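Please look through the sequence and the three-dimensional model shown here, and keep both at hand while reading the report below.

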Amino acid sequence: MKARIKFRKYGVMRFIGHLDVMRYFQKAMRRAEIPIAFTGGYSPHMIMSFAQPLGVGVTSDGEYLDIELKEPIRSEEAVRQLNAVMVDGIDIVSFVQIPDDKKCSGMTIVAAAEYEVSFLESAKSAYDTISIGDAFTKDSDCEKLIEDFLSQDEIIVLKKSKKQEREINIKPLIYRMEADLDNDKLHLFLAAGSEENLKPDLVMDTFFKFIGTTDTEVPVHYHRLDVYAKNPDYGKGNDRTQFVSLESLGKRHF
C-alpha cells in the first residue's frame, strides 16, 4: 500500500531546509510507529519521496510526502499518531491511499503550485505586513499594474541554474496572477514540477522591475497554499477543472 501525507509547515520551521525536513520525517515515522517499508540491500532506507520541496523561508499549507507501507493503517489513526510526535511548526493534515503505479507519485505528477504573497514592513519579519496600497504607493492601481505586466507579448527573464544561464519566456508559466485587495495579498498560480518549474520569487522580482521598484524596497513573504497535478478527467464531459490537488487524487483508508 502507498500513502500520501499532506502537511503544513509554518513558524520557525520555515527556516529548516528540505534535507533536514526529510531526516525529521524519518525519525517521526519511527516515533509514530507508522509501518513504513524499507528498501532492500546492505543499507536499507525508508521508501519516501517529497512532491515539491519547499524553499527555505517559505511557509505552506500544502506539502506532500509519499510513502510505501508494509501493512495498511487507518487514515485517521495515522494522522493522530503522526501529529502526536510533530514539533511546533509542522502539522499533518491528511493521510490518503494512492495507486501503486509509479506514474502516480507526487514527484512525477506535480504540474502547478499556488502561492500567497504578503508585503512586509521589514525584511526581518514574516508577520508584520503592510497594505498593497502602501507597498505600491497609494497612487498606484495594483490591479492595473498586474494587467499591464501580463499583457506583454513576452516576459523574458534570465533563469540561472548550477550548470547554465538562459533566457526564457515565463509568461506561459504564469497561469494566474491577481490581487486580493480585501486581504492585501497577491495570489500566484504557477507552473511547477520537473518539466516546467517557476518560482514565485522570480515572478515577483520580474514584476517589481517592470513597475520600477525592487524587492529590497518592498520585502515580501511567500506562502504556498497547495500543490496540484493535471486533472486526468479534464475535458471529459462537463469537467473543466484543469488542475486538482494532490490530496484529492487519493482516498482515505478506513
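This is a predicted model: local features need pLDDT of at least 70, side-chain atom pairs count only at pLDDT 80 or more; totals for chains, interfaces and linings use all residues.

Residues are numbered from 1 along each chain as its sequence is written, and side-chain values use heavy atoms, with hydrogens and water left out.

**Helix α6**

Helices (H or I, at least four residues) and strands (E, at least two) are DSSP runs, numbered from the N terminus. Helix α6 covers residues 200-211, and its twelve residues, at 1.5 Å a residue, should span 16 Å, which agrees with the 17 Å between its end C-alpha atoms; the expected span is 1.5 Å times one less than the number of residues. A residue is called buried under 20% relative accessible area, exposed over 50%, and partly exposed in between, with a 1.4 Å probe and protein chains only. By this rule P200, L202, V203, M204, T206, F207 and F208 of α6 are buried. Contact means heavy atoms within 4.5 Å, and the elements that cover these buried residues include β5 (110-119), α5 (142-150), β6 (156-160), β8 (174-180), β9 (185-191) and β10 (220-230). Just after α6, G212 takes a positive phi of about 85 degrees.

| Strands | Sense | Bridges | Opposite residues |
|---|---|---|---|
| β3 (59-68) and β10 | parallel | two | T59 and H223 |
| β5 and β10 | antiparallel | nine | Y115 and R224 |
| β10 and β11 (243-245) | antiparallel | three | A229 and V244 |
| β6 and β7 (165-169) | antiparallel | five | K160 and E165 |

The link between β6 and β7 is a hairpin through four residues.

**The largest pocket**

On a 1 Å grid over the protein atoms alone, a pocket is an open set of points with protein on both sides within 12 Å along at least five of seven lines, and its lining residues have an atom within 4 Å of a point. The largest pocket holds about 1,000 Å³ of space, a volume being the space filled by probe spheres set on grid points that are joined across faces, edges and corners. Its lining is made of 37 residues, of which G55, V58, K199, P200 and D201 lie nearest the centre. The elements β6, α6 and β10 each supply at least two residues of this lining.

**Single residues**

Where does R14 lie? R14 is in the loop between β1 (2-9) and α1 (18-31), and it is buried, with a relative accessible area of 8%. The side chain of R14 reaches the backbone oxygen of G11 at 3.0 Å.

Helix α2 (residues 75-83) contains E76, and L82 is also found in α2. E76 is partly exposed, with a relative accessible area of 48%, whereas L82 is buried, with a value of 0%. Leaving out residues up to four places away in sequence, L82 touches I5, A28, M29, A32, I34, I92 and F95.

Definitions and conventions:
Two strands pair if DSSP finds at least two bridges between them. A polar contact is a pair of N or O atoms within 3.5 Å; within protein, one must be able to donate a hydrogen and the other to accept it, and residues adjacent in sequence count only if both atoms are side-chain atoms. On a 1 Å grid over the protein atoms alone, a cavity is a set of points where a 1.4 Å probe fits but cannot get out, and a pocket is an open set with protein on both sides within 12 Å along at least five of seven lines; lining residues have an atom within 4 Å of a point.
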